[in-house]
Structure formats: structure tokens, C-alpha cells
Amino acid sequence: MKKVLLLGSTGSIGKQALEVISETQGLEVAGLAAGTSHKQLVEQARAFGVNDVAILDENAGSTVIDELPGASVLSGPGCIRGLIESVECDIVLNAVVGAAGLEATMATLDRGLDLALANKESLVVAGELIMETARQRGIRILPVDSEHSAIFQCIQGQEEGLERIFLTASGGPFFGRSRDQLEKVTRDDALNHPRWKMGSKISIDSATLMNKGLEVIEAHHLFGVGYNEIDVLVHPQSVVHSLARFRDGSVLAQMGLPSMKLPIAYALNYPDRLPVVMPQLDLIEQGELTFFKPDLNAFPCLEIAIEAGRSGGGAPIAVNAANEIAVAAFLEGRIRFLDIPAVIEKTLAAMDGELASAISGLEDITEIDTAARRQAEAFTT
């Protein structure tokens, strides 16, 4: 029986991971962690018979203790690291949202456990540190993002021949719109993704294409491919989850209906492929598959993120932090949709000359992240 420690269990990925675990023989939940949704956390713990839980919201900790008598409940800052250090498990699925997931990633590596990684921000802000630590300790990092899972599946056993990566993007709810047409889009418009059901932050990132920019950085670190060898293709049907081209010219694609259950199951069961309860792809019924170049004028966040990745050092950290602040401000109605890239660009300009060209450790990351958030907040008021 493989024991899974699930972090971010009440989010979109977490809920689908619990579906996969409940439908797969050989998997069981060893522990659960959530941010603030204590009612859902309690329900999940009861449903899966879990005795080790953590909740970041310190005020909710006592409620969870009352609701789960006899369980080990951690709460407040550091609780997720505490859970990782104390729970007997075989693999950690990190589905924490945002840069906050970095602590969980590093704690998993410190413990020497395999990591199923759905938190792309960990690799965006600390990619070199994470990959080098994993390599030195022989830890497997198994991608859960659908695009990176697709590439991971395509290159199995032939990593040496990989020449180019094509990451697909759905285009989000605003595919085909010009920059002028984005002037008055609303929060509800941006959250209304036509293909994927996701959390609010990643839905906005998908609408701005920032999500794809962060995924380019993630792919660079995961697969050791240069930025010039990574292309983004807008593929509105979301059936081809990404493609890999090899040095003989062959292009392999991983395909399936839009569902995170498949990449979650592949990561948790790796290297085995076990049945996944979900509808199957019918190419005749699906019909035409189309691909387009991204519109960088309408969606500048894609290029901003990729250029930050090329620059390296503190630039990706600042972009990620500024984006998280800008997206939160947009969701709260404080800025407009097109203000999101503007806030990020202003933050980078304000920090020009302050960003380190190389990162030596977590202290550097925390310092740059904090400074960028403070700067970005000033541009959202």
C-alpha cells in the first residue's frame, strides 16, 4: 500500500487527488493539509480515516481539534513542515497554491521523500536549488501539471534524445480577443474558463497566460531544456496536453480529455499505469484539433514570465510575487484585468538593479519575495 501525504487537500487538485486515491487499489491517504477550509478538511479526514492533519489558519486549529478527537492536529505557520516531518508516508503530493508551496517542497526534499509536484511556483522561484537537491539525494520529482506530466510521459526512456518541447495552452476564456477587447472584462468573465475547472488564482493566471509563462520556467528546470527550445502553442480544445520533439524529428504527444485525474494518477502510481475513472477520448467525436501562436500584445504576461526566466536570479521570484499580489487585487475588484501585467512590469522596473543575478538559498528568495510583494502592493492602491 502506497501512503500519500496530500497538501492542499481542499483545493481543486486536492479534491481530484482524493477521488483518484479512493478509486485506486494500492493507494491510501496518510495525512491531509489545508489552508483555511477547516470544515472540508474535517469531512475529508473522517471520510478517509485520516488521523494526521494540518491547517494553516491558526484560529481554525482548535475547531479542527474539537471536530477530530483523537487526531493529531497541527496549525499555524510551520504546520505543513511539521506534518511532513512526522507522518509515515511514501510520497507527498504538494498542491499548495502559490509561493507558499516552496516550504512544503523543501521539507519533502529534506525528508528524502518522492514529490508529486502540482505547485509550479516552487520551481519558478527556486528551480535550481530544488533540482540540485533532488539530484544529490536521489529523490524523484513527479510533475502533476498536465503539460509537464505530458512531457514526462513522452520522454520516458529517451531523455537523451529530447530536442524541443511544445507546451500547449488552452488560451483561457479570452482566446481570440484583442487587447482593446480586454479593457472591460470582469472578474466573472476571467474565472469562466471554457475547458478546465480550477481554483480562482490559476484561472486568472490562465486568462492572462501568466500560467503558461510560469510553466515555461517550470519545464526549463524539470527537463533541463533551454528557453530557446521551449515553444508555447495555443490549443483551444485542450486535448493535446503537450508535445516533445526528438533529434530524429519524431514528435510525440500525450492526449486525453481535460481532466487533472490522469496526471495525478500517473504521478501517484508511477512508473505503473493503472486505470483512471474518467470519460475516454474519442477522436472522431472530438473532431478538429487546432493550434495557434499566442498573442503577446493582448497577453503580455507570457513574455514577461519567460524573460524573467531567461534573466534568472531574482527576476522569476519578483515576477511570481508581483503576479500573486496583482491577481489578488483583481479578484478583490481593486484593479482591472489589464492592470495585472502593468503591476508586474512596474514592480520589475522599481526593483531594477536590486535583483540578485544568482540565488544562494532560501533567505535570498524570502527577501526578494517580500520586497516584490511590498512594491506590487503599492501599485494596486
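A disulfide here is a pair of cysteine sulfur atoms within 2.5 Å. I note at the outset that this is a predicted model.

**Cysteines**

I started with the sulfurs. For cysteine 79, the closest cysteine sulfur belongs to cysteine 89, and at 15 Å it is too far for a bond. I then checked the whole structure and got 0 disulfides. Next I looked up how covered two of the cysteines are. Cysteine 79 has a relative accessible area of 2%, so I put it down as buried. Cysteine 154 comes out at 6%, so that one is buried as well.

**Isoleucine 13**

I found isoleucine 13 in helix 1. Is it buried or exposed? Its relative accessible area is 19%, and the cut-off for buried is under 20%, so isoleucine 13 goes in the buried column. Which residues does it touch, leaving aside neighbours within four places in sequence? I listed Leu93, Ala95, Ala118, Met260 and Ile264. I also took the C-alpha distance to one of these: alanine 95 is 82 residues away in sequence, and 6.3 Å away in space.

**Threonine 24**

Threonine 24 sits in the loop that joins helix 1 (12–22) to strand 2 (27–34). I had to look up its accessibility, and the value is 9%, so threonine 24 counts as buried. Beyond the neighbours within four places in sequence, I have Asn269 and Leu274 down as its contacts.

**Methionine 198**

Another loop residue: methionine 198 is between helix 8 (187–191) and helix 9 (200–208). Its relative accessibility is 26%, so I logged methionine 198 as partly exposed. With neighbours within four places in sequence left out, methionine 198 contacts Ser12, His193, Ser203 and Ser206. I followed up serine 12, which is 186 residues away along the chain, and found 5.8 Å between its C-alpha and that of methionine 198.

**Helix 7 with helix 10**

I turned to helix pairs. Helix 7 (residues 146–154) and helix 10 (residues 210–223) cross at roughly 30°, and their axes come within 10 Å. Angles under 35 degrees count as roughly parallel, so that is how I describe helix 7 relative to helix 10. I have this crossing of helix 7 and helix 10 down as right-handed. On the helix 7 side, the contact uses Glu147, His148, Ile151 and Phe152, while helix 10 brings Lys212, Glu215, Glu218, Ala219, Leu222 and Phe223. Sorted by class, I get 5 nonpolar, 1 polar and 4 charged residues where helix 7 meets helix 10.

**Helix 14 with helix 16**

How do helix 14 (residues 315–331) and helix 16 (residues 362–378) pack? I read an angle of about 40°, with the axes 8 Å apart. So helix 14 is oblique to helix 16. The crossing of helix 14 and helix 16 is right-handed. From helix 14 I wrote down Ile317, Ala318, Ala321, Ala322, Glu324 and Ile325 as contact residues, and from helix 16 Ile365, Ile368, Asp369, Ala372, Arg373, Ala376 and Glu377. By class, the contact of helix 14 with helix 16 has 9 nonpolar and 4 charged residues, and no polar ones.

How values were computed. Residues numbered from 1 in each chain as written. Predicted model: local features only at pLDDT ≥ 70, side-chain atom pairs only at ≥ 80, totals over all residues. Heavy atoms only, no water. Helix = DSSP H or I, 4+ residues; strand = E, 2+ residues; numbered from the N terminus. Buried < 20%, exposed > 50% of the residue type's maximum accessible area, 1.4 Å probe, protein only. Contact = heavy atoms within 4.5 Å. Axes fitted to C-alpha atoms, helices over the stretch in contact; angles between N-to-C directions. Parallel < 35°, antiparallel > 145°, perpendicular 65-115°, else oblique. Left-handed = near helix turned anticlockwise from the far one by under 90°. Nonpolar A, V, L, I, M, F, W, Y, C, P; charged D, E, K, R; others polar.
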